[in-house]
Amino acid sequence: MAGRRSGSGVVALVLLLVALVGCGGPSAADRATADVQRLLDRRAAAVLDRDERAYERTGAGGDFARLRAVPLADWSYRVTGLHRTGDTATADAELRYRVAGHDRAPVTAGRTLRLSRDAAGRWSVDADRPARKSVQQLWDQGAVQVVRGAHSLVLGVGQSGRSLRDFADLADRAVPAVSDAWGTDWSRRVVVLVPKSLEAMAGLLGSPASSYRGIAAVTTGETGAPHRAAADRIIVNPDAFALLGGLGEQVVVTHETTHVATRAATTAATPLWLSEGYADWVGYRAAGRTPAEAAPELSRAVGTGRIPAALPDDEDFGFTGDASRLARAYESGWTACRLIADRWGESRLREFYRAVGEHRERAGAVEEAMREVLGTTPEAFTAEWREYLRTQLG
């Protein structure tokens, strides 16, 4: 009995020490982080409620006017780090937002917030900027204007309302054209971002402006993403887009809309000649252009006896390479998809695209899909494609 009582006393003493150690409560750093999180929760609620006064009570209010027109379904911050020096601090945060009626899942963006604390101990936001190595959001560049189309939402900065309406019209024509070619198993809605300049476009993409010089538009999104993935964005280069004629504008927007539609079926197994070629094929499908008109660079090469020996590699589609080489890569992909549509039919072209994307990796994907869907081999297809170039472009 004595031994048991002695053992119980030891256990009680250990428990008491554990309790005393745990009585310290959260650290000052933890309390500051919790306070900042509550501040950002109030700021997010003000954005969603479109309550400018409530937003300004959380700190710097300039961003509110830039955001005012954007239709948001969700907006939230999650503090991931706090670096405090006395009454000032820098918070690392993850912003998650969703555009109403378009995004099926939130878009995630890294943010860095500068904060200060007043004499009463209340934190407020002094600045909210993209985190290092994170891309800008459109409202970081100025007040966002919004134009709604039947199938589109166009967000612009530094653009006229007429210009944004023109983009909405282009997108509204592109969506049914893509559905007619690809099918209706996609959102059938697109979000178009129109920044002020090439440099602003580069800021939205996190790359040097030189990477996109001469590129009229790009589409962002996660390849192979499930249908609940965050919505793609068609991002326009207004400098290059301004050089296009009416047909060129429509082909570009339809091309980019095709990427939105095919995103879930496009994976690491899909070569760029197929994804870009198919998007061009849809873009030109109803354009009424001859092969020579739609593929001028490749036509010149074929006309001088320089018929490509093989379909282009992914490296041939690099934006920073030779412009003629890039054009020939796109045109080669387009002619390959056009050959499949002409020789095997449009439904087989769709089936082939999906079959390639169903593979987990690149190796063997095209070979197996060609065998199962088209009843051919890459070698035989390449030979037929080269002959197709001679007859169509020679």
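Guide: Welcome! Two strands pair if DSSP finds at least two bridges between them, and both strands (E, at least two residues) and helices (H or I, at least four) are DSSP runs, numbered from the N terminus. This is a predicted model, in which local features need pLDDT of at least 70 and side-chain atom pairs count only at pLDDT 80 or more, while totals for chains, interfaces and linings use all residues. Residues are numbered from 1 along each chain as its sequence is written, and side-chain values use heavy atoms, with hydrogens and water left out.

Visitor: In the open sheet of 4 strands, what is the order?

Guide: The order is 1-2-3-4, and the pairing is antiparallel. Strand 1 (72-85) and strand 4 (123-130) form the edges, each pairing on one side only. On average, neighbouring strands here are turned by 30° against each other, direction ignored. Angles run from 0 to 180 degrees between N-to-C directions, with axes fitted as lines to C-alpha atoms, for helices over the stretch in contact.

Visitor: How many bridges join strand 1 to strand 2?

Guide: There are 12 bridges between strand 1 and strand 2 (residues 88-99), and the two run antiparallel.

Visitor: Which strands does helix 2 lie across?

Guide: Helix 2 (residues 28-49) lies across strand 1, strand 2, strand 3 (107-117) and strand 4, and it runs at about 155° to strand 1. Contact here means heavy atoms within 4.5 Å.

Visitor: Now the other open sheet, the one of 5 strands: what is its order?

Guide: That sheet reads 5-6-7-9-8, with mixed pairing. Its edge strands, strand 5 (145-148) and strand 8, each pair on one side only. From one strand to the next the twist averages 20°. Strand 5 runs antiparallel to strand 6 (residues 152-156), and 4 bridges join them; V146 stands opposite L155 of strand 6. Helix 8 lies across strand 7 (190-194), strand 8 and strand 9 (233-236), at about 10° to strand 8.

Visitor: How many cavities of 30 Å³ or more does the search find?

Guide: On a 1 Å grid over the protein atoms alone, a cavity is a set of points where a 1.4 Å probe fits but cannot get out; a pocket is an open set with protein on both sides within 12 Å along at least five of seven lines, and lining residues have an atom within 4 Å of a point. Points are joined across faces, edges and corners, and a volume is the space filled by probe spheres set on them. The whole structure has 3 such cavities.

Visitor: What is the volume of the largest pocket?

Guide: About 1300 Å³. Its lining has 46 residues, of which G214, I215, A216, H255 and Y330 lie nearest the centre. Elements giving two or more residues include strand 8 (217-220), helix 8 (246-262) and helix 12 (323-343). Helix 8 gives the most, with 8 residues.

Visitor: At what angle do helix 12 and helix 15 cross?

Guide: Two packed helices are described by the angle and the distance between their axes. The axes of helix 12 and helix 15 (residues 378-393) come within 10 Å and cross at roughly 100°. These helices are therefore roughly perpendicular, a label for 65 to 115 degrees; under 35 counts as roughly parallel, over 145 as roughly antiparallel, and the rest as oblique. Residues making the contact include S332, T335 and L339 of helix 12 and F381, W385 and Y388 of helix 15.
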